[in-house]
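Me: Please show me the sequence and the structure, and then let us go through a few questions.

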Amino acid sequence: MTPLPPSLAVLRAQFPPLASGRAYLDNAAGGLLPRRAIEAVTEHLTRYGATNAMPGHQPGREILALKGRARAATALFLNAEPEDVALGPSATALAFRLAAAFARRWGPGDEVILSGLEHEANASPWRELERVGVTVKVWHARQPDMTLHAGDLAALLSPRTRLVAVTAASNALGVTVDIPAVTAQVRAAGAWTVVDAVHAAPHAFPDVRAWGADFVMFSPYKVWGPHLGALWVSPEHRPHLAWPKLSFVLEGDITGLEHGTPQFELLAGWLGTLDYLRELGGHETLSRPALEAASARIAELERPVAERLLTGLLETPGVTVYGPRTPQGRVGTVAFRVRDEAPEATAARLSERGVDVAAGHFYAVQPLQDLGLYPRGVVRASIAHYTALEEVERLLAGV
């Protein structure tokens, strides 16, 4: 076994599950948590239990302040303002709540366009609008590399288009999308863009200012935090969207999207993760520059591992790889099949060898339907910045 570089060994030591010796290559389904995030969850529950945010007593005030810190820190992660960021149980839940606001605004004659790369979190909520008469169209990805083309979107856009839903990176295929180019095209047509950054966020942190989108969602649990979702709503739209909310919440208040009591212990854990990222970026305090430095460091760590994963699978006899055949236009996620073997059988065989990959459709219904691979799906190997080259070699040897 090749020794790890010292810096990577120190980094990996912060993620307790990696001590098991298994090669964890299912990061697209959920990241591992650094020790300080785990400890933050435990510390919160030990100190507060299930105490709620209440201004009338000290513990309640401390928890209320925790909620504010989590919102502000998530805004830094997105390069946004805190009042525009909602935190909830999942990106999917928040998207359905946003869809309810759209359903009160649109109806027959209005149109929505879904990209052909979407996870259902950025498709099913908008398909719900068909119930109020909205027409839904699909902007299919072009085969064989499964990339989106601006000309195909132009053919679908019309004066009736209200929303275009597009992912920043396919959770099943790893294909990336030029989000600023898409949002500029959509805005020029007079429509809004909702971006699913769930799969892209662990590899390059979102920047809502640079992206030009109207709505952006991501999942902290894909970015080495606890199971949470986050949604950014442009301040241009937030005051004018009537989402279902509790009666006393003011119109346009982002907390109206946060139905129910927050998972405060998970917010504490997410702050622990962000502190880890602050340190990874080499800064003393959490700031947008600290997170940008962490994002750059992650890209540096991932690049050689992602390239080896892709090229190794492309060179393996009997293996079919889906999506672009070069690292350009990809994150470190590769979907493949082994000849004459069902995806679930491949994944089970690898897991017996201590290499954990995923098999299935991963809620990416449209792209896998277009490839003729739904519902059985594909095998998916996905890396994170803590993935070692040796783990990829174990996968390649096992395939």
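**Helix α10 and its surroundings**

Reply: At the start of α10, the backbone nitrogen of Ala-290 has a side-chain oxygen of Ser-287 within 3.2 Å. Helices here are DSSP runs of H or I with at least four residues, strands are runs of E with at least two, and both are numbered from the N terminus. This is a predicted model, in which local features need pLDDT of at least 70 and side-chain atom pairs count only at pLDDT 80 or more, while totals for chains, interfaces and linings use all residues. Residues are numbered from 1 along each chain as its sequence is written, and side-chain values use heavy atoms, leaving out hydrogens and water.

Me: What span does α10 reach from its first C-alpha to its last?
Reply: α10 has 27 residues.

Me: At which residue of α10 does a kink lie?
Reply: The bend at a residue is the angle between axes fitted to the seven residues ending there and the seven starting there. In α10 the kink is about 35° and comes shortly before the proline Pro-304. The residue is Glu-302.

Me: Is α10 roughly parallel or roughly antiparallel to α13?
Reply: Axes are lines fitted to C-alpha atoms, for helices over the stretch in contact, and angles run from 0 to 180 degrees between N-to-C directions. Helix α10 (residues 288–314) and helix α13 (residues 389–398) pack at about 10°, with axes 9 Å apart. Angles under 35 degrees count as roughly parallel, over 145 as roughly antiparallel, 65 to 115 as roughly perpendicular and the rest as oblique. That makes α10 to α13 roughly parallel.

Me: Which residues of α9 meet α10?
Reply: Helix α9 (residues 264–280) and α10 have axes that come within 7 Å and cross at roughly 75°. That makes α9 roughly perpendicular to α10. Contact means heavy atoms within 4.5 Å. On the α10 side are Ala-290, Leu-291, Ala-294, Arg-297 and Ile-298, and on the α9 side Leu-274, Leu-277, Arg-278 and Leu-280.

Me: Where is Pro-144 placed?
Reply: The peptide bond from Gln-143 to Pro-144 is cis, with omega near 10°. Met-146, with a positive phi of about 60° although it is not a glycine, is in the loop between β4 and α6. Pro-144 is in the loop between β4 (135–139) and α6 (150–156).

Note on methods. Expected span 1.5 Å × (residues − 1). Polar contact = N/O pair within 3.5 Å; in protein donor to acceptor, adjacent residues only side chain to side chain.
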